[in-house]
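Open the model in your viewer and keep the selection tool at hand. Here is a short tour, stop by stop.

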Amino acid sequence: MELKEIDFIDLQLLDALQRDASISNVALAERVNVSPPTCLRRVKRLTEGGWIERQVAVLSTDKLAASLGHGLSALVEVSLDRQGSEHLDAFEARAVALDAVQQCWRVSPGPDFVLVVQARDMPHYLAISQTLFTQDANVRNVKAFFATKRAKFTTAWPVLARG
C-alpha cells in the first residue's frame with residue numbers, strides 16, 4: 001500500500017486503533033463515520049498493507065510491580081570500537097535476541113546504540129550486561145541510566161493533529 005492510498009478516514013482508524021485496539025468494529029465505524037462493513041474492509045486493508053504491524057496488550061507496570069517487584073528500567077548507551085556494518089549488525093542481533101531489551105535503536109551522532117532494558121533486579125541487569133557488553137571485545141563504552149520515575153509512556157504515533 002503506497003502512502004498516497006491512505007486517506008483521512010484511514011488515519012482516523014489508525015489513530016483510534018493504536019489507542020485502543022480492543023474497540024469493536026461497530027464502535028470504530030461509528031467513531032470515524034463509516035459503515036461497519038466499510039470499516040472492517042479498511043482495517044483489513046491497513047493490516048495487509050503493513051500499516052498495522054501487530055496488536056498487543058500494554059501491561060500495567062503498577063500491577064506487575066505488586067506481583068513481580070518493581071525491577072529496573074535502564075536506558076543504555078553503547079559505543080563500539082569497530083563500526084563496520086557487520087559489527088553493528090552483530091551487536092544489534094545479540095541485543096534484540098534478549099527479552100530484557102525492550103528497544104534497540106541505532107543512533108548518530110554519539111553512541112552507536114541506545115537500548116531500553118527492563119531487568120528484574122541488579123543481579124539480572126549484571127547478567128544482561130555480561131552477555132551484551134563484556135563478552136564482546138568490540139564494545140568500547142557503556143553508559144547506563146537507571147530510571148527513577150516514568151513520567152510518560154505511549155505507543156501512539158501522532159498521526160492526527162491534536163491541540
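Predicted model: local features only at pLDDT ≥ 70, side-chain atom pairs only at ≥ 80, totals over all residues.

**Stop 1: the largest pocket.** Select helix H1 (8-19), helix H4 (61-68), strand E1, strand E2 (101-106) and strand E3. Each supplies at least two residues of the lining of the largest pocket. The pocket has a volume of about 2400 Å³. Its lining counts 50 residues, and Val-58, Gln-102, Gln-103, Phe-153 and Thr-155 are the closest to the centre. Colour the lining by class: 25 residues are nonpolar, 15 polar and ten charged.

**Stop 2: the largest nonpolar core.** Now show Val-76, Val-78, Phe-91, Leu-115, Val-117, Leu-132 and Phe-133. These have the most contacts inside the largest nonpolar core, a set of 18 residues. Strand E1 (72-80), helix H5 (85-96), strand E3 (113-119) and helix H6 (122-134) each give at least two residues to this core.

Zoom in on Phe-133. What does Phe-133 contact, leaving aside neighbours within four places in sequence? Val-76, Val-78, Phe-91, Leu-115, Tyr-125, Val-139 and Val-142.

**Stop 3: the second core.** A separate core has 14 residues, including Leu-17, Leu-28, Val-34 and Leu-46.

**Stop 4: Arg-42.** Select helix H3 (residues 36-48), where Arg-42 sits. Is Arg-42 buried or exposed? Arg-42 counts as buried, because its relative accessibility is 15% and the cut-off is under 20%. Show its contacts next: not counting residues up to four places away in sequence, Arg-42 touches Asp-7, Ile-9, Asp-10 and Leu-13.

Note on methods:
Residues numbered from 1 in each chain as written. Heavy atoms only, no water. Helix = DSSP H or I, 4+ residues; strand = E, 2+ residues; numbered from the N terminus. Buried < 20%, exposed > 50% of the residue type's maximum accessible area, 1.4 Å probe, protein only. Contact = heavy atoms within 4.5 Å. Core = buried A, V, L, I, M, F, W, Y, C linked by side-chain atoms within 4.5 Å. 1 Å grid on protein atoms, 1.4 Å probe; cavity = no way out; pocket = protein on both sides within 12 Å on 5 of 7 lines; lining within 4 Å. Points joined across faces, edges and corners; volume = space filled by probe spheres on them. Nonpolar A, V, L, I, M, F, W, Y, C, P; charged D, E, K, R; others polar.
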